[in-house]
Amino acid sequence: MRTVLLMIAAALAIALYRMISKGGKSYSYAGTQTIAYLDDGSEHVVNGNEAGSVIITNKTVILDGAEYCYKPMGNELQQAALEYDNADLSSIRVFLSHGEKLFFIKKVHSVNKKPNVTASVTLSY
């Protein structure tokens with residue numbers, strides 16, 4: 001009985017470790033744009049000033065708790081697309097049944113980067 005309980009505990013520990021280590025990169029978005037495709041072929045665009053959090057894993061993007069697949073495997077549907085600007089994530093496009101919703105990524109400047117500042121000092125005596 002003890003060995004069975006130890007094996008179950010080990011399996012649960014491994015599962016928990018894999019769930020926690022899955023992690024991913026975290027971003028925040030500061031603006032949205034919803035595009036609805038109308039029956040006549042036209043588009044209806046609505047800009048929003050929503051804000052929230054984004055977590056990107058190796059295959060999915062999680063927007064405020066809702067998970068979307070951006071790297072489908074096999075017969076899965078692609079539910080989102082990541083859009084980059086100069087190797088920086090600029091927006092996330094989520095494909096909806098009636099249109100699309102774009103989430104604009106908030107640019108964060110690192111405090112660890114040293115600014116390119118040159119100063120010249122002239123001393124006179």
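Q: Why is Met1 called exposed?
A: In this predicted model, Met1 has a relative accessible area of 75%. The cut-off for exposed is over 50%, so Met1 counts as exposed. You'll find Met1 in the segment before helix 1 (2–22).

Q: What makes Thr57 buried?
A: Look at its relative accessible area, which is 9%. Buried means under 20%, so Thr57 is buried. Thr57 sits in the loop between strand 2 (43–56) and strand 3 (60–63).

Q: What makes the link between the side chains of Thr57 and Thr60 a polar contact?
A: The two side chains come to 2.7 Å, and the cut-off for a pair of N or O atoms is within 3.5 Å. That's a polar contact, then.

Q: Why is the pair of Tyr29 and Phe103 called edge-to-face?
A: There's one aromatic pair in the structure. The ring centres of Tyr29 and Phe103 are 4.9 Å apart, and rings pair within 6.5 Å. Their planes are at 75 degrees, and over 60 counts as edge-to-face, so that's the name this pair gets. The pair links distant parts of the chain, with Tyr29 in strand 1 (residues 25–37) and Phe103 in strand 7 (residues 99–105), 74 residues apart.

Q: How do you know whether Tyr29 is buried or exposed?
A: Tyr29 has 2% relative accessibility. The limit for buried is under 20%, so Tyr29 is buried. Phe103, at 8%, counts as buried too.

Notes. Residues are numbered from 1 along each chain as its sequence is written. This is a predicted model: local features need pLDDT of at least 70, side-chain atom pairs count only at pLDDT 80 or more; totals for chains, interfaces and linings use all residues. Side-chain values use heavy atoms; hydrogens and water are left out. Helices (H or I, at least four residues) and strands (E, at least two) are DSSP runs, numbered from the N terminus. Buried means under 20% relative accessible area, exposed over 50%, partly exposed in between (1.4 Å probe, protein chains only). A polar contact is a pair of N or O atoms within 3.5 Å; within protein, one must be able to donate a hydrogen and the other to accept it, and residues adjacent in sequence count only if both atoms are side-chain atoms. Rings of Phe, Tyr and Trp (its six-membered ring) pair if their centres lie within 6.5 Å; planes under 30 degrees apart count as stacked, over 60 as edge-to-face and the rest as tilted.
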